[in-house]
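Biologist: I'd like to learn how to read a structure like this one. Could you walk me through it, one feature at a time?

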Amino acid sequence: MTRLTLSKALNEGLRKALESDPKVLIMGEDVGKLGGVFRVTDGLQKDFGEARVVDTPLAESGIVGTAIGLALRGYRPVCEIQFDGFVFPAFDQITTQLAKMRFRSLGHLSLPVVVRIPCGGGIGAVEHHSESPEALFTHTGGLRVVACGDPADAYAMIQLAISCDDPVIFFEPKRRYWDRAEVDTAGGLAAALPLGQARTVISGTDVTLLCYGPMVRTCAAAAVAAGNEGRSLEVIDLRSLSPLDTGTIFESVRRTGRCVVAHEAPVTGGLGAEIAARITEECFYQLEAPVLRVGGFSAPYPPSRLEEHYLPDLDRVLDAVDRTFGY
Amino acid sequence: MTVNDAGRAASADFPRHGGQPESAEFIQLLTPEGERVDHPDYPLEISAEEIRALYRDLVLVRRIDFEAIALQRQGELGIWASLLGQEAAQVGSGRALGPRDMAFPTYREHGVAWCRGLDPAKLLELYRGVSHGGWDPKEHNFHLYTIVIGSQTLHATGYAMGIQRDGAVGEDGEAVIAYFGDGATSQGDVNEAFIWASVTNAPVVFFCQNNQWAISEPLERQSRVPLYRRAHGFGFPGVRVDGNDVLACLAVTRKAMQAAREGQGPTLIEAFTYRMGAHTTTDDPTRYRLAAELETWKLKDPIERVKAYLVRSQAADEQFFTDLDAEAAEVGARIRKACLQMPDPSPLSMFDNVYAEPNPLLEAERDQYAAYLETFEEAVR
């Protein structure tokens, strides 16, 4: 076990993937000499060369489009989109091409492409650097969409994503890049939780708290605070946003009877709405209260001096938890 | 040889590092040593007073930039994108614009903003995180800063198409200038803007500040040919100017804008310059480029050469420089004070200006959040 930041854990995971499969490539803006603006690819070009760790021209559509071509030729490209708000030039390639190739080719073609996207706010950045666009991708059939929430998971999940034969949109919580935790980089991935499975972070009995990415730490802290007041929250890190691990979700909600979904993205049309609908359909008779959502507002992400108001924090999560007892 | 050179080594069709020796291939009217040179295509009649005014712009813009960097270091700004080294490109082009011309900047055009009369404190608002820009672009004919790389080149082109439809091309016409960098030339949007401007003959000037670096990526990651030459393929003229020569930038931009106003269509100007600082205050250029490169470019400093010219030609006396230093200090102090006094916006303001008409959903969210905030105030009481 070694203590790593989330950023370094991803770096180690990418290194393992580059070592174990010569077809793995890394491509993006500033991923080479600079090592990425968040240093996730630090040192990889030095060790694996410019043919495998590629500083691309400044064009996101080109990054994903050429990754598709490389994948058609048998490579496994890992694309970095520098910031969430810059994914949109690539959105066309992702939704019209990357997501649909297997389907269109009746299974003859696979596109094992990973698109890494640092996401979310909380770092005091300017516009387009704090977005949470995951619902745009979960809305698109053919894409796997995942989000890592802590260093150990990040290390395993990036490798699982790279070995996945479907395209994976891989969200990294940028305000958690500097979080540290123990990571087992010595053992293999045999014991790792599958990519599509949710993980119970804290077990509880009163309310199920569903979260992912940057909100995992927030929700874990909320559970501790609630515990001090005698309320038992179960925190589940969804990890996979598409497909959803509905088995784990339903099992928990049937036990607790109450559920809050928290994400940074706007609640309107967000992933929480999808989850709430599915829980209502499947767990209706066990519910003590409607599934409540905590998230961003239906306005553009605000200037950074206001982001603490926009981002759901511990208090807003607990406020929603309280409200589930008001029905 | 890198993977990118595979199969190309034998081909000498294109020079590797983005062009011929720069001296052979750009417009220059003032050498780095401060000597005036003439160019047959770009005659420039300019008085000593006008050159002093340009020098004042350059010095004040650099002072604003220094102050902003300091404010960021002191935690008063979230981030800052320095224009250090690009003052001449921005002031020269900015002063070539008429009041009715429209400018579409990136996020680094602080010098152009200055020329358009925008209060520098407005720029600090954006980098402090108080607003996303917030100025009225119509007030100074200076559009909002655009952060997504290259998007604004299409906006500029569309705006220019509007000028055509308004019949405002011709004698006493209007034109548009679109700013972008070397990295942006790889974006689809920029290439599409070139196509649209070309086929519509739109009155737009594409002003590319080639500062040699897109964060950590040198120009050869973006192009095998000098950028200005790309224009020919799209069907309009391209010209490379010494981007550290304010006089050349002024003359070249003036000519291109005039051509656009008169209905002769777009021009691509490549201002060959250098990003002397980091990409932004969060960047560390020592990780990817050599200090010697910066030293080379310091010898071509855009401000020093104008000072050398003014001194040598006795176009400015000691008093001028002393007064300007004092004015620069005053401007620095003024924007510092404005920054420190800048209030945070009210939390509920994040629900404003999202739609033209009242939006019931958003209003409900705002009211709920206001009620939620009040519970904390009650708790404090």
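This is a predicted model: local features need pLDDT of at least 70, side-chain atom pairs count only at pLDDT 80 or more; totals for chains, interfaces and linings use all residues.

Biologist: Which residues of helix 12 of chain A are buried?

Modeller: Helix 12 of chain A runs over residues 314-323, and its buried residues are A:Val317, A:Leu318, A:Ala320 and A:Val321. Around the axis they cover an arc of only 155°, so they sit on the same side of helix 12 of chain A.

Biologist: Where around helix 3 of chain A do the buried residues lie?

Modeller: Look down the axis: the buried residues fall within an arc of 135°, so they line one face of helix 3 of chain A. The buried residues are A:Glu60, A:Ile63, A:Val64, A:Ala67, A:Ile68 and A:Ala71. They pack against strand 2 (24-28), strand 4 (76-80), helix 4 (88-98) and strand 5 (114-119) of chain A. Turned away from that buried side are the exposed residues A:Gly69 and A:Leu72. Just past the end of helix 3 of chain A, A:Gly74 has a positive phi of about 105°.

Biologist: Okay, zooming out. What is in chain A as a whole, in helices and strands?

Modeller: Chain A has 12 helices and 14 strands. Of its 327 residues, 57% count as buried. The C-alpha atoms fill a box of roughly 60 × 45 × 40 Å along the principal axes.

Biologist: How much of the contact in chain A links residues 24 or more positions apart?

Modeller: Counting contacts with a separation of 6 or more, such pairs make up 79% in chain A.

Biologist: What domains does chain A have?

Modeller: The domain assignment gives domain 1 (2-183) and domain 2 (199-323). Their C-alpha centres are 26 Å apart. Where they touch, domain 1 of chain A brings 26 residues and domain 2 of chain A brings 21. On the domain 1 side, helix 6 (134-138), strand 6 (144-147), helix 7 (151-163) and strand 7 (168-173) of chain A each give at least two residues. Strand 6 of chain A has the largest share, 4 residues. By class, that side of domain 1 has 10 nonpolar, 8 polar and 8 charged residues.

Biologist: Last one: how many residues of chain B are in contact with chain A?

Modeller: 37 residues of chain B contact 32 of chain A. Helix 4 (120-128) and helix 13 (360-380) of chain B each supply at least two of the chain B residues, with the largest share, 4 residues, coming from helix 13 of chain B. That side of chain B divides into 20 nonpolar, 11 polar and 6 charged residues.

Technical notes: Residues are numbered from 1 along each chain as its sequence is written. Chains are lettered from A and ligands numbered from 1 in the order in which they are written. Domain bounds come from an automatic or database domain assignment. Two residues are in contact if their C-beta atoms, placed from the backbone, lie within 7 Å. Ala, Val, Leu, Ile, Met, Phe, Trp, Tyr, Cys and Pro count as nonpolar, Asp, Glu, Lys and Arg as charged, and the others, Gly among them, as polar. A residue is buried if 20 or more other C-beta atoms lie within 10 Å of its own, exposed if 12 or fewer, and partly exposed in between; C-beta atoms are placed from the backbone. The arc is that of the directions from the helix axis to the C-beta atoms.
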